Amino acid sequence: MDISRTSDVWWKNAVFYCLDVETFQDSNGDGIGDFAGLTRRLDHLDRLGVSCIWLMPFYPSPNQDDGYDITDYYSVDPRLGTLGDFVEFLRAAHDRGMRVIADLVVNHTSREHPWFQASRADPDSPYRDWYVWRDEKPDEDAASLVFPGEENSSWTWDAKAGKYYLHRFYSHQPDLNVENRAVRDEIQRIVGFWLQLGLSGFRVDAVPFLLEQMSTVDTGFAPHRWLRDLRAFINRRSGDAVLLGEVNLDYPDVRRFFGDEDGDELHMCLDFNLNQAMALALAREDAGPIVHGLRHMPELAPDDGWAHFLRNHDEWSLDKLTEAERQEVFASFGPDPSMQLFGRGLRRRMPTMLKGNPDRLRMAYALMASMPGSPVIFYGEEIGMAENLEIPGRLAVRAPMQWDAGPHGGFSNASTEALHRPMVSDPQWGPGKVNAIDQQDRPDTMFHFMEHLLRRRRECPEIAFGEHAVLPFPEPEIFAIRHDWEGRTLIALANLGAKPQKVTLTLPKASGLGRLRPILGEGKVSLRKDELTVELGGYGLRWVRFES
Ligand code: TEU
Ligand code: CA
């Protein structure tokens with residue numbers, strides 16, 4: 001593959017940055033982040049090395065699920081600005097060479113969406129069949145509930161309609177009926193609308209639920225054919241647009257959402273399998289689970305790729321681990337029940353889970369960024385922001401961004417009562433201690449490390465396009481991966497344990513690999529004949545590259 005071709009499939013070597021406009025920067029003092037504020041902060045993202053911004057939902061919404069409950073797919077929530085502000089933001093991002101994708105949440109709408117209101121009010125309305133209705137409440141398996149403890153059924157009675165409606169998520173989020181062609185046409189119009197304004201694609205919410213077939217009669221709907229049509233449609237409208245799917249399933253099932261061997265459905269999927277393997281490996285200080293995970297990672301078509309992350313905006317879901325493994329992770333990273341959610345995950349951010357150890361934190365991010373695929377950073381991770389457990393549920397990790405040491409961390413000059421969401425208030429983690437501006441001016445900070453890491457990652461296309469191989473080590477704490485592509489070789493090492501280690505690996509024909517250059521981390525590196533020796537501190541990391 002030549003270098004221009006790699007730019008065609010830009011998502012494979014991208015640095016994604018997920019943020020919520022509402023918690024990023026308030027520009028008008030109403031306590032709510034907005035597009036004008038975000039636009040002012042673009043230089044921070046540019047400096048960090050972000051190549052694609054992922055916007056969490058910014059559409060009009062009653063905000064009962066942080067915007068994942070939408071009442072109008074064709075505009076901007078007025079609290080965040082106007083469509084004009086959105087376009088100005090987009091233009092400013094493009095000017096800095098950053099693309100923008102947005103959450104596409106079409107598994108469900110808000111209950112308040114006019115479509116649902118029409119659907120429930122009138123059996124003859126064309127909208128009646130836009131949602132999934134039943135006269136009787138279907139049997140269901142308690143294990144299939146997404147929010148156990150918060151919703152005890154996926155079906156809720158609607159008195160006006162005199163029927164039950166399906167909602168995979170909260171009862172205020174009725175599922176759309178994608179088996180209805182009119183719904184699929186509308187989704188296409190929504191996607192087309194935002195592409196026309198300049199988005200570079202979508203993070204597609206809850207894809208397995210979106211594709212679910214609920215009809216009791218044959219509607220002729222073929223879910224994967226539809227996903228294929230959707231990809232063809234977006235790439236017809238915009239050649240370089242990407243579909244990044246949220247498919248939280250086991251590897252073989254996720255693979256089906258990329259399409260057949262040609263890879264003609266989703267371009268990317270968030271890698272929940274490797275994510276949970278990393279959680280277990282970090283908790284155990286044992287690389288084993290990652291090695292095991294990588295062994296099961298399915299092959300993808302050349303244009304498709306994985307998106308890797310450590311923490312996202314939801315709970316750290318550990319649903320793929322066994323009960324015993326999950327309890328191990330809970331014991332290390334969130335022993336208190338207030339830190340856990342839905343019995344399957346943790347509602348904390350990395351720095352607190354890693355007990356404030358900066359070396360361990362940096363190692364964890366370098367480990368994640370060395371996985372074959374593109375890294376995704378959740379806002380605040382670049383400065384080592386913590387959670388605020390006083391904010392309920394999943395929102396604990398969605399406190400406002402900490403820009404400076406001033407009031408409300410520079411996020412807003414509203415009164416405390418007017419703030420859309422409380423700041424992190426723990427003095428150890430609040431803006432006085434952890435903020436972007438102070439870190440940008442100091443070399444030994446998380447921000448500087450992350451900037452360095454993400455830039456190195458971008459400069460190593462072998463991670464995105466190459467062949468990878470895990471390098472086996474007798475020491476269980478050591479993880480090492482090799483990426484080879486077009487005459488370039490990268491070896492990334494991580495010491496998951498607290499004890500310093502000196503490791504040696506044999507690289508057959510090392511002399512043919514080119515000049516050795518350590519590019520990330522600290523510690524002595526030496527090459528003698530075919531033997532590469534690397535000294536790693538406790539929780540150390542090292543990337544070495546061979547360049548011809
Ligand atoms: O989350 C989807 C979601 O909660 C499931 O995929 C879950 O991860 C899985 O069932 C079990 O681990 C998305 C968004 O990320 C979330 O913020 C929204 O609240 C939700 O969809 C509803 O739109
Ligand atoms: Ca505002």
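At 2% relative accessibility, Ala206 counts as buried, and this residue, although not a glycine, has a positive phi of about 50 degrees. The model described here is predicted. The chain is divided into domain 1 (3-104 + 203-208 + 224-457), domain 2 (114-166) and domain 3 (467-547).

**Domain arrangement**

- Domain 1 is assigned in three pieces, 3-104, 203-208 and 224-457.
- Domain 2 spans 114-166 and domain 3 spans 467-547; the C-alpha centres of these two domains lie 55 Å apart.

**Surroundings of ligand 1**

- There are 16 residues around ligand 1, and those that come nearest are Asp65, Asp205, His313, Asp314 and Arg394.
- Asp65 places a polar side-chain atom 2.7 Å from an oxygen atom of ligand 1.
- For Asp205, an N or O atom of the side chain is 2.8 Å from an oxygen atom of the ligand.
- Asn248 likewise has a side-chain N or O atom at 3.1 Å from an oxygen atom of ligand 1.
- Ligand 1 taken alone exposes 520 Å², of which the protein buries 93%.

**Calcium site (ligand 2)**

- Five residues supply the protein donors of the calcium ion: Asp26 (OD), Asn28 (OD1), Asp30 (OD), Ile32 (O) and Asp34 (OD).
- These donors lie 2.2 to 2.5 Å from the ion.
- Along the sequence, the donor residues follow the spacing D-x1-N-x1-D-x1-I-x1-D.

- Asp20 is located in the loop that runs between strand S1 (16-19) and helix H2 (35-40).
- Asp20 has a relative accessible area of 2%, and therefore counts as buried, the limit being under 20%.
- Beyond its neighbours within four places in sequence, Asp20 contacts Met56, Pro57, Asp66 and Tyr379.
- Asp20 and Met401 are separated by 381 residues in sequence, yet their C-alpha atoms are 9.6 Å apart in space.
- Ser51 occupies the loop between helix H3 (42-48) and strand S2 (52-55).
- With a relative accessible area of 7%, Ser51 is buried.
- Contacts of Ser51, leaving aside neighbours within four places in sequence, are made with Ala14, Val15, Gly97, Met98, Arg99 and Arg458.

**Helix residue Phe330**

- Phe330 belongs to helix H12 (residues 323-333).
- Phe330 is classed as buried because its relative accessibility is 3%, under the 20% limit.
- Not counting residues up to four places away in sequence, Phe330 touches Leu318, Pro335, Gln340, Gly343, Arg344, Gly345 and Leu346.
- Phe330 and Trp306 are 24 residues apart in sequence, and the C-alpha to C-alpha distance between them is 26 Å.

**Positive phi at non-glycine residues**

- Ala206 is found in the loop between strand S7 (201-204) and helix H7 (207-210).
- Lys529, also not a glycine, has a positive phi of about 55 degrees.
- The position of Lys529 is the loop between strand S20 (525-528) and strand S21 (531-536).
- Lys529 counts as exposed at 77% relative accessibility, whereas Ala206 counts as buried at 2%.

Technical notes: Residues numbered from 1 in each chain as written. Chains lettered and ligands numbered in written order. Predicted model: local features only at pLDDT ≥ 70, side-chain atom pairs only at ≥ 80, totals over all residues. Heavy atoms only, no water. Donors = N, O, S within 2.8 Å, 3.2 Å for Na, K, Ca; no water. Helix = DSSP H or I, 4+ residues; strand = E, 2+ residues; numbered from the N terminus. Buried < 20%, exposed > 50% of the residue type's maximum accessible area, 1.4 Å probe, protein only. Contact = heavy atoms within 4.5 Å. Domains from an automatic or database assignment. Near = heavy atom within 4 Å. Polar contact = N/O pair within 3.5 Å; in protein donor to acceptor, adjacent residues only side chain to side chain. Areas by Shrake-Rupley, 256 points an atom, 1.4 Å probe, with all protein chains shown as cover.
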